[in-house]
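Biologist: Could we go through this chain together? I would like to begin with the overall fold.

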Amino acid sequence: MLCPYCQQRGDRVVDSRETQQGRVIRRRRECLHCGRRRTTYERTEEVPRMVVKKGGRREPFERAKTMAGLMRACKKRPVSSRQMEEIVDAVESRLRESAEGEITSADIGALLMERLKHLDHVAYVRFASVYREYEDVQQFLEEIRDL
């Protein structure tokens with residue numbers, strides 16, 4: 001695998017840990033050329049899990065897309081990438097538990113909001129404003145009052 005920093009091959013594993021109840025292996029790697037470290041994840045390939053969108057359309061679940069939404073909500077907030085990873089792990093666990101291998105986008109949003117509500121109120125309100133599609137300031141203020 002190429003180093004994302006110097007584009008050279010060759011690294012060594014500094015640390016390995018199991019996450020998600022042993023379903024994923026997280027490895028810290030150090031480049032033998034530039035010495036910089038990075039994290040890689042090893043997952044077993046599974047049958048694609050599907051997200052059912054508002055209009056009924058289905059699309060494959062994309063972990064990166066969910067993570068990107070969280071990162072936007074948590075930008076410049078005291079929420080670590082590890083905490084965000086744990087939230088996305090919870091979504092993936094719920095999806096794996098689903099008998100049909102499907103989850104609605106509404107369920108994903110609700111799960112993310114529930115986790116953010118306990119983690120960081122500002123990130124929660126940011127995410128809720130997009131997820132709930134607020135159309136005026138009053139709806140926004142009501143959400144803040146509920147906190």
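Modeller: The protein chain has five helices and six strands, where helices (H or I, at least four residues) and strands (E, at least two) are DSSP runs numbered from the N terminus. This is a predicted model, in which local features need pLDDT of at least 70, side-chain atom pairs count only at pLDDT 80 or more, and totals for chains, interfaces and linings use all residues. Residues are numbered from 1 along each chain as its sequence is written, and side-chain values use heavy atoms, with hydrogens and water left out.

Biologist: What pattern does the chain follow along the sequence?

Modeller: The pattern reads β-β-β-β-β-α-α-β-α-α-α. The C-alpha trace spans about 55 × 35 × 25 Å along its principal axes.

Biologist: Which residues touch the most other members in the largest nonpolar core?

Modeller: They are Leu-70, Ile-108, Leu-112 and Leu-116, in a core of 24 residues. Helices H1 (63-73), H2 (81-97), H3 (105-119) and H4 (121-131) each give two or more residues to this core. A nonpolar core here is a set of buried Ala, Val, Leu, Ile, Met, Phe, Trp, Tyr and Cys residues joined through side-chain atoms within 4.5 Å; buried means under 20% relative accessible area with a 1.4 Å probe, protein chains only.

Biologist: And what is Leu-112 in contact with?

Modeller: Leaving aside neighbours within four places in sequence, Leu-112 is in contact (heavy atoms within 4.5 Å) with Thr-66, Leu-70, Ile-87, Val-91 and Phe-127.

Biologist: Phe-127 belongs to H4, I see. Which residues of H4 are buried?

Modeller: Ala-123, Tyr-124, Val-125, Phe-127 and Ala-128 are the buried ones. After H4 comes Glu-133, whose phi is positive, near 50°.

Biologist: How do H1 and H4 cross?

Modeller: Their axes, lines fitted to C-alpha atoms over the stretch in contact, come within 8 Å and cross at roughly 120°. Gly-69, Arg-72 and Ala-73 in H1 meet Ala-123, Arg-126 and Phe-127 in H4.

Biologist: Changing topic: is Glu-59 buried or exposed?

Modeller: Glu-59, in strand E5 (residues 58-60), counts as buried because its relative accessibility is 15%.

Biologist: Which side chain does Glu-59 join in a polar contact?

Modeller: That of Lys-65, at 2.9 Å. A polar contact is a pair of N or O atoms within 3.5 Å; within protein, one must be able to donate a hydrogen and the other to accept it, and residues adjacent in sequence count only if both atoms are side-chain atoms.

How values were computed:
Buried means under 20% relative accessible area, exposed over 50%, partly exposed in between (1.4 Å probe, protein chains only). Axes are lines fitted to C-alpha atoms, for helices over the stretch in contact, and angles run from 0 to 180 degrees between N-to-C directions.
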